[in-house]
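Me: I would like to go through this model and ask what stands behind the words used for it. Please keep the answers plain.

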Amino acid sequence: MDEAPNNRTSLAKGAKDIAKEAKKQAAKNLNKAVDRASDEYMTHRSYNRFQNEEEDYNSYSQPDAHYADNAANDEDGASSDATEGHDDEDEIYEGEYQGVPAYNDGKPRDGQVALGQPVSDSLKSHKELENERQADEEELAQQYELIMQECGHGRFQWQLFFVLGLALMSDGVEVFVVGFVLPSAETDMCLPNSGAGWLGSIVYLGMMFGAFFWGGLSDKVGRRQCLLISLSFNGFFAFLSSFVQGYGMFLFCRMVSGFGIGGAVPIVFSFFAEVLAREKRGEHLSWLCMFWMIGGIYASAMAWAIIPHYGWSFSMGSAYQFHSWRVFVVVCALPCVSAVVALTFMPESPRFYLQTGKHDEAWMVLKQIHDTNMRARGEPERVFTVNRIKVPRQLDELVEMQNESANPVLKVLFKITTELRGIWLTFLRCFNYPVKNNTVKLAAVWFTLSFGYYGLSVWFPDVIKHLQADEYASRVKIHNNERIEDFTFNFTLENQIHRNGVFMNDRFISMKFKAVTFIDSSFVNCYFEDVSSVGSVFKNCTFVDSFFYNTDVDDAKLKTSKVINSSFHHNKTGCQMTFDDDYSAYWVYFVNFLGTLAVLPGNIVSALLMDKIGRLSMLGGSMVLSGISCFFLWFGTSESMMIFMLCLYNGLSISAWNSLDVVTTELYPTDRRGTGFGFCNAICKLAAVLGNLIFGSLVGITKAIPILLASAVLVGGGLVGLRLPDTRANVLM
């Protein structure tokens with residue numbers, strides 16, 4: 001009678017010994033599988049071979065691995081949410097998600113094959129925990145690549161492509177709005193020359209801080225949430241800026257608008273890269289870059305169609321003016337609003353969820369991607385076979401907790417300071433091994449490329465205007481010592497200089513002075529009614545017994561002039577704007593439209609060749625070629641030649657932008673991708689500010705220095721870009 005219990009005890013002990021030995025062998029084979037997978041990626045071999053050879057130990061595609069992983073939990077007397085309540089005879093169907101137990105102190109981690117009793121985390125140093133997390137992240141990167149291969153590339157990626165494209169289009173629109181609105185806003189708000197250029201600089205400063213802040217925050221709270229908030233900032237303040245009247249308030253609104261849109265580029269590329277398989281990433285990130293060009297075309301076309309139409313304005317009294325350029329600002333906010341609405345229907349990045357330990361949420365998003373793509377392919381019966389996903393160890397951070405009864409304001413401030421501190425610490429990690437050298441090189445390439453591009457392109461309308469101004473000045477009519485009496489002027493006087501003239505008993509009624517200068521002239525008993533003086537001035541003139549009614553002649557236009565026994569009634573307030581027959585306005589917008597459209601061939605070429613010739617070859621070659629083409633702008637002596645060289649420069653430089661976006665996305669690990677990209681994009685906007693200031697101050701003096709400077713920095717940046725590591729074969733860490 002006693003033999004039966006003894007036999008059962010012996011059998012149970014033998015079964016346990018066999019299970020332990022099986023687990024040891026499983027651990028060895030799993031490590032071999034991961035090493036073999038790494039070799040496959042480095043030697044460009046297929047993923048299918050890795051999957052087939054290690055099918056029995058694949059931790060994401062086979063239900064057996066589910067039991068193997070949970071054996072460690074059973075060995076230690078612990079049970080997870082995935083296995084609790086199940087008997088040995090329970091049936092688990094392929095593709096059934098059993099839940100991934102979260103990591104807790106003192107419990108075995110998910111995805112870990114037990115090799116004896118695990119060591120308590122409290123007995124491990126921080127460095128050991130970091131090393132374990134690094135190993136987990138490397139294993140997750142390999143596994144995630146296989147998961148994305150199973151999900152396929154289809155309808156979901158294309159839906160997200162267009163949604164994120166609208167956000168990227170908003171960034172392109174914001175950049176071009178600065179150049180188009182600048183002349184009109186400064187004229188409408190009576191801005192003196194000393195304040196010119198501040199609008200462009202303040203917007204780029206806002207974008208610089210926004211890129212760093214939103215990029216860093218996206219690594220903490222998520223890509224989708226940060227992108228929604230940042231775009232909402234941009235849309236609201238861009239819309240508000242079209243209605244404010246004061247230049248100071250207008251600057252503030254555009255700065256906050258720039259702060260919001262600054263987060264678009266780093267978040268958009270990080271987000272989209274995390275739902276793409278390796279072989280699709282370079283090409284489709286390059287296609288995504290086309291939306292920035294579409295934003296430029298949209299802004300150019302709207303400026304061309306709206307701003308020159310002075311009749312598209314209205315006023316409420318003399319205090320509130322809503323001119324056509326304000327309508328243009330409202331229209332340019334529409335892509336941002338559309339992006340916010342569309343983004344509310346998209347999920348968060350599953351790669352971000354896994355990085356932050358939200359494994360259940362990540363599984364749901366991955367299943368959504370898989371099912372959406374399979375239904376679009378006509379294969380709705382295909383089951384998502386993933387039921388176990390590797391989750392990196394979540395390292396606890398020591399955070400000082402506030403009292404439950406603390407002041408709500410203090411709680412909010414504490415939360416803000418905690419997030420800012422987290423962003424700063426993540427930023428400092430971008431300068432740790434092994435990404436430190438890459439960060440420095442990327443910053444140099446971003447700075448040089450941006451300095452050359454924004455310095456030339458954003459201020460290029462001023463180059464055209466100066467060429468036109470020189471031609472306009474060559475056709476000026478000069479009148480000396482003229483004397484006109486009892487004459488009625490009811491037509492436009494344009495591009496004239498009158499020296500030592502005498503006007504007696506003359507009438508200036510319903511007429512316009514356009515670029516007319518009076519020097520040392522006298523006006524005796526003259527009558528001015530409904531007169532506009534655009535770009536006109538009276539220098540050292542004398543007005544005697546004259547009458548002004550409903551004119552815009554004020555002290556700013558009467559430079560060192562004497563007014564004797566004359567009166568001004570119902571003067572026009574504010575700066576007078578007009579685009580009637582303004583050929584130069586139409587021409588500048590059309591030139592920008594052509595320059596932006598010239599980017600299209602470069603976009604197509606870069607997308608098709610990104611994975612064939614490599615990111616670095618395209619980056620370095622494009623920057624060197626664009627620097628050479630920039631040099632030839634120096635020899636441009638006519639508008640047509642300058643326009644042709646600008647189009648050539650834009651077409652060559654766009655490949656460098658696309659390559660740089662892809663390389664930056666792939667060089668940073670997931671927990672620092674938004675922060676690293678945001679920092680590089682902030683450097684880009686800083687270079688844009690410097691380019692605006694330097695090129696803007698020299699464009700009216702000489703074109704040689706800024707063009708040669710841009711050419712030199714582009715070639716230098718291209719050579720630095722060639723020193724970056726090649727990322728074509730990389731999986732997203």
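Me: Before anything else, what makes a run of residues a strand?

Reply: A strand here is a DSSP run of at least two residues, and strands are numbered from the N terminus. Asn550, for instance, is found in strand E13, residues 547-551. Keep in mind that the model is predicted.

Me: How many helices and strands does the protein chain have?

Reply: The secondary structure comes to 23 helices and 16 strands.

Me: What is worth noting about the phi of Asn550?

Reply: Phi of Asn550 is near 55 degrees, which is a positive value in a residue other than glycine. Most residues other than glycine have a negative phi. Asn525 also has a positive phi, near 50 degrees.

Me: Where is Asn525, and why is it called partly exposed?

Reply: Asn525 sits in the loop between strand E9 (522-524) and strand E10 (527-534). Its relative accessible area is 44%. Buried means under 20% and exposed means over 50%, with partly exposed in between, so Asn525 at 44% is partly exposed.

Me: Why is Ser655 called buried?

Reply: Ser655 has a relative accessible area of 11%. The cut-off for buried is under 20%, so Ser655 qualifies. Ser655 lies in helix H21, residues 639-667. Leaving aside neighbours within four places in sequence, Ser655 is in contact with Gly602, Ser606, Met618 and Ser622.

Me: What share of the protein chain is buried?

Reply: Buried residues make up 52% of the 733 residues. As for contacts with a separation of 6 or more, 68% are between residues 24 or more positions apart.

Me: How do you know that E9 and E12 pair?

Reply: Two strands pair if DSSP finds at least two bridges between them. Three bridges join E9 to strand E12 (residues 542-544), so the two pair, and they run parallel. Ser522 stands opposite Thr542 in E12.

Me: What makes E4 and E15 edge strands?

Reply: The open sheet has five strands in the order E4-E7-E9-E12-E15, with parallel pairing. Strand E4 (483-485) and strand E15 (562-564) each have a single partner strand, so one side of each is left without a neighbour in the sheet. On average, neighbouring strands of this sheet are turned by 5 degrees against each other, direction ignored.

Me: Which strands pair with E8?

Reply: Among them is strand E5 (residues 488-489), joined to strand E8 (residues 507-519) by two bridges, in parallel. Two bridges meet the requirement of at least two, so E5 and E8 count as paired. Here Thr488 stands opposite Arg507. Strand E6 (residues 493-499) also pairs with E8 in the parallel sense, over six bridges, and Glu494 stands opposite Lys514. E8 and E10 pair in the parallel sense over seven bridges, with Phe508 opposite Phe528. Strand E11 (residues 537-539) is joined to E8 by three bridges and runs parallel to it; the bridge partner of Thr517 in E11 is Val537.

Me: How do you know that the span of H15 is close to what is expected?

Reply: Helix H15 (residues 408-429) has 22 residues and reaches 32 Å from its first C-alpha to its last. The expected span at 1.5 Å a residue is 32 Å.

Me: Why are the buried residues of H15 said to line one face?

Reply: In H15, Glu419, Gly422, Ile423, Thr426 and Phe427 are buried. Seen down the helix axis, the buried residues of H15 fall within an arc of 140 degrees, so they line one face. In general, an α-helix has 3.6 residues a turn, so residues three or four places apart point the same way. The face of H15 turned away from the buried side carries the exposed residues Val409 and Arg421.

Me: Why is H22 called largely enclosed?

Reply: Helix H22 (residues 670-698) has 29 residues. Of these, 23 are buried, so H22 is largely enclosed by the rest of the structure.

Me: Which residues touch the most other members in the largest nonpolar core?

Reply: Of its 130 residues, Leu164, Phe272, Leu288, Phe328, Leu366, Leu442 and Tyr454 touch the most other members. The largest share of this core, 15 residues, comes from helix H5 (residues 155-188). Leaving aside neighbours within four places in sequence, Leu164 is in contact with residues including Leu227, Phe272 and Leu288. A second, separate core has 18 residues, including Phe523 and Val553.

How values were computed
Residues numbered from 1 in each chain as written. Predicted model: local features only at pLDDT ≥ 70, side-chain atom pairs only at ≥ 80, totals over all residues. Heavy atoms only, no water. Helix = DSSP H or I, 4+ residues; strand = E, 2+ residues; numbered from the N terminus. Buried < 20%, exposed > 50% of the residue type's maximum accessible area, 1.4 Å probe, protein only. Axes fitted to C-alpha atoms, helices over the stretch in contact; angles between N-to-C directions. Expected span 1.5 Å × (residues − 1). Arc of directions from axis to C-beta. Core = buried A, V, L, I, M, F, W, Y, C linked by side-chain atoms within 4.5 Å. Contact = heavy atoms within 4.5 Å.
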